[in-house]
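This briefing concerns one protein chain.

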Amino acid sequence: MSRVQWHELTHAYGSAEEVPGRLSRVAWGDALTSASALSDLGLWLGELSVFDATAEAVPFLWDLAVTDSVASRSGVIELLMTILEQANPPRLDVQ
């Protein structure tokens, strides 16, 4: 995570400089801490659209989703699904 210039990236509400801290809380926090951090990430990265910080966070979220020790793995997977849906909105077939 330290290789990403988070302070130069944006999410739904501005600077993404706090994203690595939230990712760390999801990774290492207890159930309550992890869920709270995941809630923030959901608002910042997946709620409205896909942002440059979203694209940078996805590999880290994927790692969290496949790590057994993460307290909110199911929430991480849900966030990844939301991001995927935002990145690939349904298309209407017009005839």
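A residue is termed buried under 20% relative accessible area, exposed over 50% and partly exposed in between, with a 1.4 Å probe and protein chains only. The model is predicted: local features need pLDDT of at least 70, side-chain atom pairs count only at pLDDT 80 or more, and totals for chains, interfaces and linings use all residues. Residues are numbered from 1 along each chain as its sequence is written, and side-chain values use heavy atoms, with hydrogens and water left out.

**Overall architecture**

- The protein chain contains four helices and two strands; these are DSSP runs numbered from the N terminus, helices being H or I of at least four residues and strands E of at least two.
- Read from the N terminus, the order of elements is β-β-α-α-α-α.
- Of the 95 residues in the protein chain, 35% are buried.
- Among contacts (heavy atoms within 4.5 Å) with a separation of 6 or more, 56% are between residues 24 or more positions apart.

**Packing of α1 and α2**

- Two packed helices are described by the angle between their axes and the distance between the axes.
- Helix α1 (residues 19–28) packs against helix α2 (residues 31–46) at about 140°, and their axes are 8 Å apart; axes are lines fitted to C-alpha atoms, for helices over the stretch in contact, and angles run from 0 to 180 degrees between N-to-C directions.
- This angle makes α1 oblique to α2, where under 35 degrees is roughly parallel, over 145 roughly antiparallel, 65 to 115 roughly perpendicular and the rest oblique.
- The contact involves Val 19, Arg 22, Leu 23, Arg 25 and Val 26 of α1, together with Thr 33, Ser 34, Ala 37, Leu 38, Asp 40, Leu 41, Trp 44 and Leu 45 of α2.

**Ser 34**

- Ser 34, a residue of helix α2, counts as buried because its relative accessibility is 0%.
- Its side chain forms a polar contact with the side chain of Ser 72 at 2.3 Å; such a contact is a pair of N or O atoms within 3.5 Å, in which, within protein, one must be able to donate a hydrogen and the other to accept it, and residues adjacent in sequence count only if both atoms are side-chain atoms.
- Leaving aside residues up to four places away in sequence, Ser 34 touches Arg 25, Val 26, Gly 29, Ala 71 and Ser 72.

**Asp 52**

- Asp 52 belongs to helix α3 (residues 52–65) and, at 35% relative accessibility, counts as partly exposed.
- The C-alpha atoms of Asp 52 and Thr 10 are separated by 6.1 Å, although the two residues are 42 residues apart along the chain.
- Beyond residues up to four places away in sequence, Asp 52 touches Glu 8, Leu 9 and Thr 10.
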